[in-house]
Amino acid sequence: LSLKGLIELEVMGDKDVNITRGKKSYDESVLNTLPEDEKIVFELLKEAMLGRDSITPKEFSKFASKEYDLVFRKLLRIESIVQEQLIETGKISKERQEISKKWSSKATLYGVLAFVFIFVLQFMPGIYIGLILMCITCSKNSKIVSIMSENGYEESAQWKGLKKYMEDYSLLSERLVPDI
């Protein structure tokens, strides 16, 4: 949003940043070209700054705490948009995602059944152990079946490599906000 001129970031001291609306934030043609997830983030910032010229991350955090339902709904929408984009770009396999969900659902079902047998029926301890073992097995299977495609694995490895590089060689932990 900052690179597109919709917001401006002003460094205040060593560790604080001030977020203000950019010059292009009033231009509808620029706003219409934004991807859906960026529109949602911009709307959140706009609502948090209502009646003010700027906001700090701490103030935004207070706004998010006070308006939890609104922020949570918008974040869920962003999550679903990103999920759709990952499927469209081939980073996540829809079929593998369904298989993983199926195993996860079975694990939940067996866990609930074990709970019912233990606390309601209170007979045949062998059933408890069997259901708990089936629950554990299904949970493991849901984690084994990855939802990522080969393309997704490759990009994930690249991101992990970048993270490792930034942690090991860039000395980001020793830099101040203006340096970053």
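**Strands and helices in a predicted model**

Author: In this predicted model, strand 1 and strand 2 (residues 16-21) run antiparallel and are joined by six bridges. Glu-8 stands opposite Thr-20 in strand 2.

Reader: How do you know that strand 1 and strand 2 pair?

Author: Two strands pair if DSSP finds at least two bridges between them. Strand 1 and strand 2 are joined by six bridges, so they count as paired.

Reader: What makes strand 1 and strand 3 stand at the edges?

Author: The sheet is open, has three strands in the order 1-2-3, and its pairing is antiparallel. Strand 1 (7-12) and strand 3 (54-55) each have a single partner strand, so one side of each lacks a neighbour in the sheet. Helix 2 (residues 36-48) lies across strand 1, strand 2 and strand 3, at about 95 degrees to strand 2.

Reader: Why are helix 3 and helix 4 called roughly perpendicular?

Author: Helix 3 (residues 57-66) and helix 4 (residues 68-88) pack at an angle of about 100 degrees, and their axes are 5 Å apart. Angles of 65 to 115 degrees count as roughly perpendicular, and the two helices are therefore described in that way.

Reader: Which residues of helix 3 and helix 4 meet?

Author: Phe-63, Ala-64, Ser-65 and Lys-66 in helix 3 meet Tyr-68, Leu-70 and Val-71 in helix 4. By class, this contact has five nonpolar residues, one polar and one charged.

Reader: Why does Ala-64 count as buried?

Author: Ala-64, in helix 3, has 18% relative accessibility. Buried means under 20%, so Ala-64 is placed in that class. The C-alpha atoms of Ala-64 and Ala-48 are separated by 8.1 Å, with the two residues 16 residues apart along the chain.

Terms used:
Residues numbered from 1 in each chain as written. Predicted model: local features only at pLDDT ≥ 70, side-chain atom pairs only at ≥ 80, totals over all residues. Heavy atoms only, no water. Axes fitted to C-alpha atoms, helices over the stretch in contact; angles between N-to-C directions. Helix = DSSP H or I, 4+ residues; strand = E, 2+ residues; numbered from the N terminus. Parallel < 35°, antiparallel > 145°, perpendicular 65-115°, else oblique. Contact = heavy atoms within 4.5 Å. Nonpolar A, V, L, I, M, F, W, Y, C, P; charged D, E, K, R; others polar. Buried < 20%, exposed > 50% of the residue type's maximum accessible area, 1.4 Å probe, protein only.
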